[in-house]
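The following exercises concern a single protein structure.

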Amino acid sequence: MTDKKIVYIDMDDTLADFMGAYVSAREEKPEMAFPQAEYGFFANLKPLEDAIESVQNLLDSNHLSPYVLTAPSTVNPLCYTEKRIWVEQHLGMEMVERLIISPDKSLLKGDYLIDDIAEGKGQEGFEGELIQFGTLAYPDWRAVMGYLLKA
């Protein structure tokens, strides 16, 4: 048993640039209503600035234990595999073993949930502290890491 605090990290628009890829795909093919359903969409997302280094710093921490907790698009079976591929490509096998795909984030026990949205995928029912990425309080990974490393 460890006394490290558990940190769950959302993938889309927290670690990876989902919205940037979505907007770009819609501009390229406006007739495509759901570009995220296309083969390769999730696997090819670009990491957000400082995201990869931040996860590595969390892995190296003596006090924090990070996991990727991402919600699937339940109507898009490709996303399950592609999110796994993305994690391996950008974060390595150690984080693949710490990858959790769940449509309801409230089911997991932990201390922190870093997510860009506050509700809709169980974030509102998460028992730990929600750190809402991309807000005034936590606009980027530097702000998030500053808070977590002080906590």
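**Exercise 1.** Determine whether Arg 142 is buried or exposed in this predicted model.

*Solution.* Step 1: the relative accessible area of Arg 142 is 61%. Step 2: a residue counts as exposed over 50%. Step 3: Arg 142 is therefore exposed.

**Exercise 2.** Identify the salt-bridge partner of Arg 142, and state where the two residues lie.

*Solution.* Step 1: the side chain of Arg 142 meets that of Asp 50 in a salt bridge, at 3.2 Å from N to O. Step 2: Arg 142 belongs to helix H5 (residues 141–150), whereas Asp 50 is in the loop between H1 and helix H2 (51–60), so the pair ties together parts that are 92 residues apart in sequence. Step 3: Asp 50 has a relative accessibility of 22% and so counts as partly exposed, because that class lies between the buried limit of 20% and the exposed limit of 50%.

**Exercise 3.** Describe the salt bridge between Glu 127 and Lys 109.

*Solution.* Step 1: the side chains of these two residues meet at 3.0 Å, N to O. Step 2: Glu 127 is in the loop between E4 and strand E5 (129–132) and Lys 109 in the loop between E3 and E4, so the pair ties together parts 18 residues apart in sequence. Step 3: Glu 127 counts as exposed at 61% relative accessibility, and Lys 109 counts as exposed at 57%.

**Exercise 4.** State how many salt bridges the structure holds, and examine the one formed by Asp 10.

*Solution.* Step 1: there are six salt bridges in the structure. Step 2: Asp 10 pairs with Lys 105, and their closest N and O atoms are 2.8 Å apart. Step 3: this pair links distant parts of the chain, with Asp 10 in the loop between E1 and helix H1 (18–28) and Lys 105 in the loop between E3 and strand E4 (112–115), 95 residues apart. Step 4: both Asp 10 and Lys 105 are buried. Step 5: a network of salt bridges links Asp 10, Lys 105 and Asp 115.

Terms used. Residues numbered from 1 in each chain as written. Predicted model: local features only at pLDDT ≥ 70, side-chain atom pairs only at ≥ 80, totals over all residues. Heavy atoms only, no water. Salt bridge = Lys/Arg side-chain N within 4 Å of Asp/Glu carboxyl O. Helix = DSSP H or I, 4+ residues; strand = E, 2+ residues; numbered from the N terminus. Buried < 20%, exposed > 50% of the residue type's maximum accessible area, 1.4 Å probe, protein only.
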